[in-house]
Amino acid sequence: MGLKNRIIGHFSNEELPPSNVTGAELSSALPVAELVPPLRVRALSEAEREWLQKIHQRLMEMIDLSQIGRLDKSQARNKIRELAERIMDELTVPLNISTRQFLAKCIEDEILGLGPIEPLLSEPSIADILVNGSGKIFVERFGKLELTPLRFQNDAHLLNIIDRIVSSVGRRIDESSPMVDARLKDGSRVNAIIPPLAIDGPTLSIRRFTLDRLRMEDLIDLNTCTQSMADMLIGIVKAQLNVLISGGTGSGKTTMLNVLSGYIPVNERIITIEDSAELQLQQPHVVRLETRPPNIEGKGEVSMRDLVRNSLRMRPDRIIVGEVRSDEAFDMLQAMNTGHDGSLATVHANTPRDALGRLENMVAMTGLDLPTKMVRTQIASAINVVVQLSRLEDGKRKLISIQEIQGMEGEIITMSEIFRFQRKGLDEHGNIVGSFKATGIVPKFHESLQKRGIDLPFELFDPERDG
């Protein structure tokens, strides 16, 4: 049974999704018109909030946090819950048992977790947690944003949680350093920005990390691409062509990078370079590198460019760059042009042509006064294929174009589209209607794939073939 059928078959409109199904998977599997399962969180009433503050204050007077820190997670939570329940008995809190248990859980989350947003971290349907000041906590589920009933007590409360996150990874945030990137223990990416830069109060953005890797079969079942497109992409990776994955924020670039990297042979040495480690490669010979920001004195930074340069001295068979953002583009292109075939990278861009333009601009960031034609020639010879992803208005993620770089004509990089998503309109529920189609162009690399024993039948590129 395919992923979409597994998901839809597991729950009806009145039921909740299975716990092992992620928001990213469901965002492509569920029609917009289908009722989204309710978010399993509960907000505090004003009376409960007042009692919570009293209990928390009393508990902090009693507890020795250094002792709690020596306990494992389960023991620490049990100890705090025990103390909270004892305090509620002493204060004769006029609440029923289930509410008392809820308050005890809130106290645990406040002391050991991330306060009001802690329950969101265990909800598998959530892809992003977005805190806009103390009073507004949004989540992205199934490709759509929704406001939750949760909130922080005030900006100071939110700042305390942000400080807890960043200090756990050896970073700091204050007026002199009001922006920070960090990572939670589960691998989720965190960005925080505080006043004076954030005018309406501290802002926290968490991109959830999932241990459940999607496979190519899942992308096909989610209608992100077709079997024909998948067969060609798999052949491209196995044939060691250089691939640039392009798309906007949340379009699924990292997911596609993870999926494609799964087809790299196990006997190859892979170096991954990321700002924040997200890739989940399963091969046995993987070296993961991650950038380091400067310290408070502005020293000690290790940039993407530093890591790309260093990776060339590490005898890589493949180099995977999580996201090309700046002058590291020049060194990446140099690597692709000097024998490091089969490299993969992602870039933020809305079209394949824009992706090449962005690379050109990034090379200019090196400060090298290179002629435009020379830079474009480097790009055209380094990159073989551009894969364009998009998150559409209905929340679905699609592979909307696969283009081969043909070469140069004068000062222009020539490209040919092999597959595209043809959009036809909207249905009555707001879902985008369209289909995947081959353009009829057989790529130049088809012969290279054949020589490597990768046979893609010509029927694959037939525009009359259903997609």
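Modeller: On a 1 Å grid over the protein atoms alone, a cavity is a set of points where a 1.4 Å probe fits but cannot get out, whereas a pocket is an open set with protein on both sides within 12 Å along at least five of seven lines, and lining residues have an atom within 4 Å of a point. By that rule the structure holds one cavity of 30 Å³ or more. This is a predicted model, in which local features need pLDDT of at least 70 and side-chain atom pairs count only at pLDDT 80 or more, while totals for chains, interfaces and linings use all residues. Residues are numbered from 1 along each chain as its sequence is written, and side-chain values use heavy atoms, with hydrogens and water left out.

Biologist: What makes Phe330, Leu333 and Val363 part of the lining of the largest cavity?

Modeller: Lining residues have an atom within 4 Å of a cavity point, and Phe330, Leu333, Val363, Leu370, Met374, Val375 and Gln378 line the largest cavity. Its volume is about 50 Å³, where a volume is the space filled by probe spheres set on the points. Helix α14 gives the largest share of this lining, three residues.

Biologist: Why are α12 and α13 called roughly perpendicular?

Modeller: Angles of 65 to 115 degrees count as roughly perpendicular, those under 35 as roughly parallel, those over 145 as roughly antiparallel and the rest as oblique. The axes of α12 (residues 328-336) and α13 cross at roughly 110 degrees and come within 7 Å, and α12 and α13 are therefore roughly perpendicular to each other.

Biologist: Which residues of α12 meet α13?

Modeller: With contact meaning heavy atoms within 4.5 Å, Ala329, Phe330, Met332 and Leu333 in α12 meet Leu359, Met362 and Val363 in α13. By class, this contact has seven nonpolar, no polar and no charged residues.

Biologist: What makes α13 oblique to α14?

Modeller: The axes of α13 (residues 352-364) and α14 (residues 372-382) come within 10 Å and cross at roughly 125 degrees. That angle makes α13 oblique to α14. Here Leu356, Leu359, Glu360 and Val363 in α13 meet Thr372, Val375, Arg376 and Ile379 in α14, a contact with five nonpolar, one polar and two charged residues.

Biologist: What lines the second largest pocket?

Modeller: The second largest pocket has a volume of about 820 Å³ and is lined by 27 residues, of which Lys73, Leu112, Gly113, Glu118 and Lys185 lie nearest its centre. Helix α6 gives the most to this lining, with five residues.

Conventions. Axes are lines fitted to C-alpha atoms, for helices over the stretch in contact, and angles run from 0 to 180 degrees between N-to-C directions. Helices (H or I, at least four residues) and strands (E, at least two) are DSSP runs, numbered from the N terminus. Ala, Val, Leu, Ile, Met, Phe, Trp, Tyr, Cys and Pro count as nonpolar, Asp, Glu, Lys and Arg as charged, and the others, Gly among them, as polar.
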